[in-house]
Amino acid sequence: MNKEPRKESLLDSEDFGWIDGMEFRSRRRSGDLYAGRHKSSQLGGCTEFADHRPYHPGDPLRQMDWRLLGKSDRHFIKRFEDERTVSTMIIIDRSGSMNFGLSTRNKFDHALRAAACMARLLLSNRDPVGIASWDRSGDGLIVKPRSTPSHFESLFVDIAELPASGETFLKALVERLIPLFPQRMRVVLLSDGFMPDEEMAGVLQTLSVRGHEVILGHVLAPEELHFTFTEGTRFEDLEEEDSWRDIDPAVYREAYLQQFNQFLDQLQNQCTRLGCGYFRLLTSESAGAGLAAFLRRWNAGNFAPVLGADIK
Amino acid sequence: MSFLGIGFLVGLAGILVPLAIHFFGRRRKVVQPWGAMRFLNEAKPTWKRRSVRLQDLLVLLLRIGAVALLAFAFARPTIKVPVPPENVHELVMIVDRSLSTELGESSGNPVSGEILDHVSRVLESVPNDTRVRVYANGAGAGLQYLTPVSEASLSSPENRDGWLSALENVKPVAGTVDWPEAVRSVHRNSNFSEPLSRQVLIIADAAKNGWPESEVWNTQGQDFSVYIDPVGINHPGRKRPNLCVENLAVDQLSLQSGKPVVLQAKISNRGEGVSKSARLYWKESEKYTVFAEEYVPSLKPGESHMATVKKTFPAAGLNAVQVEVQYANDALLNDNTSALVLDVADHVSVAVVINELPADIQDSDTRFAYWAFAAAAGDPGSITNGENHDSFFQLQWLTPDQMPEINSDKFDVVVWSVSDAAPVTTDQLQSFVANGGGLWFRCGAGLNSNAFNNAFFPHEYGLSPAGIAANDRVMEDDKTIGLRPPSHTGGGIFSEAVFQLLDELQAKRHFSLHSPVPESSEVLLEFEGGKPFLIRRKFGRGEVFLTTMDSSPGVGNLAAIIGYVPLVREILRHLATSGSAQRNFSVGENAARESLLQAARVKTPEGVWIEKDGIGEIPLARGLYWLGSATDGVPLPLSLAGSIGESDTAPLSEAELEEWAQLEAITLLRPEHSAEMKRFAAHFGTAGELEARKDNFDEREIWMWLLAGLIGFLILEVLLAHHLLSRRRATAAVG
């Protein structure tokens with residue numbers, strides 16, 4: 001595959017148009033060292049007053065609240081909020097199931113577009129962005145978060161070239177990432193979640209308990225959501241070779257939808273329970289639109305799952 | 001169950017088609033790469049695939065059934081159904097003994113023999129104690145009751161033999177049988193007062209004339225069932241020969257030279273059967289004398305025989321013969337009486353109606369006119385004594401009182417030279433001309449012809465100078481007028497020689513016509529000043545000539561001029577031939593003479609034979625064949641042919657029989673109508689025999705039921721397939 005066309009296709013002005021002028025607020029305080037727009041877990045020298053604390057010897061005198069000292073003859077230190085950047089690691093599922101796309105583009109491409117939108121948005125806010133993708137064979141990459149505008153190129157120049165195949169290897173990837181990035185950061189998972197439930201729960205839990213802000217972008221195709229097949233079809237597994245089923249879709253449709261909806265509910269509940277963000281990226285919708293719908297609610301403090309772009 | 005067309009069962013192989021479609025023609029499965037396989041593996045089918053397979057199987061079975069039903073329907077299966085016994089009936093047989101049943105008597109295999117066989121067969125087929133009455137029927141509706149040997153009138157062997165022998169002894173009667181009336185007379189017969197339902201069986205030959213129109217049959221009484229057993233439709237005796245004169249030729253030069261004339265006739269057999277040997281009689285028409293006879297051998301269909309005879313005609317300069325061809329074949333009665341008669345006439349009859357007969361002529365001037373006519377006719381002697389000399393134009397001088405009924409059989413040309421005609425006579429003249437006669441109306445000095453005027457030249461004031469007072473006449477005494485045709489292009493109807501003589505004709509006096517010549521008429525000759533002299537008008541199939549000048553020297557002077565004679569001759573010749581040509585078998589014209597023929601074949605001038613059906617009755621092909629200069633001595637072919645037509649023995653066609661079978665009132669019994677035969681036979685018998693006949697089965701075709709089933713199968717198949725499809729679509733459309 002030529003890597004230029006894939007990269008070019010990621011830069012869709014329509015997608016970017018949806019998120020233009022938006023920001024990606026962090027739900028947790030940042031642990032980054034660099035000044036940014038997000039509230040830091042540390043109090044710093046910003047102009048926004050935070051609180052007072054008793055003066056201890058050794059505290060810088062310029063933080064002394066002299067006015068309070070004059071009134072109450074007590075020594076208190078004035079503390080102000082500190083704003084730092086939030087590093088974001090976008091993890092893209094590169095399993096075989098992400099390669100599905102029938103009436104729309106395939107899910108991996110869609111995830112890449114969403115990642116590109118997100119990366120551009122974050123970089124424009126001067127937040128560091130990294131990207132990671134791995135598969136079972138060890139073929140993959142990890143790009144460390146950086147906030148320079150030119151970093152955008154390096155984010156996608158390699159990942160766009162990689163194929164999506166094989167089983168989901170998210171858990172191993174996360175386990176590999178954790179020692180590399182001990183500080184708290186924002187982790188955005190772009191995946192269809194087609195893996196064992198316990199594996200997905202483990203990934204979310206592993207990231208959450210380490211203080212990371214986890215957001216799951218659930219990439220789905222409309223055929224998977226509605227199962228609109230009518231004629232007898234041979235379904236070949238994208239993740240496992242030589243695995244297929246001959247099925248009359250009319251017969252299995254109802255049961256499939258039941259299973260699939262159950263899976264969706266379970267995943268959303270899991271995210272809610274672990275404090276993870278959840279938004280659905282449908283390949284039938286614009287990637288930018290899906291992301292924008294999520295950001296509008298997320299930035300407004302609504303952390304409930306977002307189930308689509310709601311494009312009217 | 002049996003099949004009438006078992007070969008169509010091969011079509012059962014067609015069930016392989018739906019089978020092949022079911023097993024091999026399924027849609028190829030779509031291969032779909034799929035990521036969410038996990039959910040498919042965990043899903044259990046909502047509704048059982050087995051029910052789908054069952055419905056697919058049902059569709060397959062319906063399709064197989066439809067194909068099989070179609071094949072079976074084409075094979076025309078029959079099932080045996082019991083023939084329900086009916087009440088005891090009485091059989092009334094009316095046996096045809098008309099003359100046509102004697103067809104084939106000479107060959108020893110007459111139709112009547114077949115009829116008796118049928119009678120015997122029917123009598124043997126009904127039980128012995130069935131009541132039977134047998135009638136013989138000849139012409140009309142008269143029934144001859146054949147008394148049974150035993151009084152009981154039962155179908156016993158004794159009575160059976162008695163009836164058969166009695167039928168053989170019944171003398172055939174000529175004429176057409178009125179079968180409906182015969183059935184009605186059976187119905188009216190007082191002997192049938194017993195409350196038995198009856199079956200009337202008519203056993204008749206299938207001669208066409210014996211079968212009256214269908215609506216007559218619908219007047220039957222309702223308690224009669226009429227069966228008709230047509231016999232002998234394919235009897236070889238019905239293949240009739242048809243001798244006809246295909247070509248008749250006369251040597252014109254010999255005719256004109258007074259030497260013996262060679263007459264040739266080509267006799268052909270255009271029928272379907274072999275003609276018997278016949279005699280050919282050459283006969284003069286009015287003298288009824290046979291001057292020659294000839295043997296015509298037996299001719300196969302399509303064969304011809306050339307008959308030649310020499311005949312000396314007495315008149316010198318004869319240039320026409322009149323021939324009547326008559327073909328009589330009453331071979332049904334006597335095999336030796338076949339005859340072909342060629343009737344040769346050697347003159348044209350001209351009636352000259354005038355006030356004074358030649359013997360009474362007082363006026364010497366008038367005598368010129370007589371002389372002119374006599375000279376023109378080549379019979380000067382007729383002026384003095386009125387005798388018929390041997391001349392081609394045979395003049396009959398008649399006064400209006402003596403004039404017999406004018407018709408085209410007696411005269412070919414009528415010259416009207418009297419002042420007026422009674423309306424009755426005018427009507428006769430109209431009919432005469434309309435049927436092809438020629439009429440020459442000569443205006444005399446005292447002519448007053450209103451009736452004539454109204455009959456032939458109806459105009460504002462009439463065309464002829466009728467009723468004009470003497471003062472209105474244009475008398476130009478001192479001035480001669482030359483005759484000219486209005487647009488002379490070489491003689492018109494006149495020969496060139498006669499036309500050259502017209503310059504010498506000079507008329508001193510003439511009459512002016514009362515009105516202009518109408519468009520329906522044509523001026524053939526006119527005076528120098530442009531006034532018309534000879535006017536012609538076609539009327540019906542004949543022609544009328546009107547001359548505006550009297551031949552009497554007292555008024556005009558034409559008759560005294562020698563050049564007038566050939567003019568008269570030409571006019572007579574033209575009038576004789578133009579009308580007779582119409583009377584011949586010319587193309588597009590019917591030969592309206594009394595005739596026995598219903599159809600004729602006519603040869604067109606291009607040599608093509610055409611069929612002329614429905615031309616009325618044409619018994620005799622008669623006509624005058626003018627051998628004029630146009631033939632230049634070449635034998636003139638007389639082409640005519642006539643068939644013997646639809647005689648009493650003509651067969652009824654199978655199609656006509658089928659039409660009869662459609663009538664409700666009657667039922668045809670034909671060998672191929674086995675069901676009708678069985679139904680007929682089932683009417684008769686005692687109660688015990690009828691009880692025993694419960695096992696009598698009739699084979700009935702059931703293909704229509706199979707077709708109905710086929711349609712039902714197809715409807716079910718369509719509904720089921722639609723249901724399956726809509727169910728799949730409905731489940732898919734939920735999302």
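In the hairpin of strands E8 and E9 of chain A, six residues lie between the strands, and A:Asp242 takes a positive phi near 55 degrees. Helices (H or I, at least four residues) and strands (E, at least two) are DSSP runs, numbered from the N terminus. This is a predicted model: local features need pLDDT of at least 70, side-chain atom pairs count only at pLDDT 80 or more, and totals for chains, interfaces and linings use all residues. Residues are numbered from 1 along each chain as its sequence is written, while chains are lettered from A and ligands numbered from 1 in the order in which they are written.

Strand E8(A) covers residues 233-237 and strand E9(A) covers residues 244-247; the two run antiparallel and are joined by four bridges. Two strands pair if DSSP finds at least two bridges between them. Within this pair, A:Phe235 stands opposite A:Arg245 of E9(A).

E8(A) also pairs with a strand of chain B: five bridges join E8(A) to E2(B), and these two strands run parallel. A:Thr233 is placed opposite B:Val30 of E2(B), and the bridge partner of A:Arg234 in E2(B) is B:Val31.

**The interface**

Across the interface, 26 residues of chain B are in contact with 34 residues of chain A. Two residues are in contact if their C-beta atoms, placed from the backbone, lie within 7 Å. On the side of chain B that touches chain A, at least two residues each come from E2, helix H2 (37-42), helix H3 (49-74) and helix H18 (703-733) of chain B. By class, this side of chain B has 13 nonpolar, five polar and eight charged residues. Ala, Val, Leu, Ile, Met, Phe, Trp, Tyr, Cys and Pro count as nonpolar, Asp, Glu, Lys and Arg as charged, and the others, Gly among them, as polar.

**The six-stranded sheet of chain A**

Chain A has an open sheet of six strands in the order E5-E4-E3-E6-E7-E10, with mixed pairing. The edge strands, each pairing on one side only, are E5 (141-146) and E10 (277-282) of chain A. Neighbouring strands of this sheet are turned by 15 degrees against each other on average, direction ignored. Strands E6 (residues 186-191) and E7 (residues 213-220) of chain A run parallel and are joined by six bridges. The bridge partner of A:Arg186 in E7(A) is A:Glu213. Helix H4(A) packs on the sheet and touches E3 (88-92), E4 (129-133), E6, E7 and E10 of chain A; the direction of H4(A) makes about 170 degrees with that of E3(A).

**Helix pairs**

| Helix pair | Angle between helices | Axes apart |
|---|---|---|
| H4(A) (residues 107-124) and H10(A) (residues 287-299) | about 55 degrees | 8 Å |
| H6(A) (residues 170-180) and H7(A) (residues 197-209) | about 15 degrees | 9 Å |
| H4(B) (residues 111-125) and H5(B) (residues 157-169) | about 165 degrees | 10 Å |

Angles under 35 degrees count as roughly parallel, over 145 as roughly antiparallel, 65 to 115 as roughly perpendicular and the rest as oblique. H6(A) is therefore roughly parallel to H7(A), and H4(B) and H5(B) are roughly antiparallel to each other.

H4(A) passes H10(A) in a right-handed crossing. A crossing is left-handed if the near helix is turned anticlockwise from the far one by less than a right angle, and right-handed if clockwise. H6(A) and H7(A) cross in the left-handed sense; the crossing of H4(B) and H5(B) is right-handed.

In the contact of H6(A) with H7(A), A:Leu170, A:Lys171 and A:Val174 of H6(A) meet A:Glu199, A:Gly202, A:Val203, A:Thr206 and A:Leu207 of H7(A). This contact has four nonpolar, two polar and two charged residues. In chain B, B:Leu116, B:Val119, B:Ser120 and B:Leu123 of H4(B) meet B:Arg160, B:Leu164, B:Leu167 and B:Glu168 of H5(B). The classes there are five nonpolar, one polar and two charged residues.

Methods
Axes are lines fitted to C-alpha atoms, for helices over the stretch in contact, and angles run from 0 to 180 degrees between N-to-C directions.
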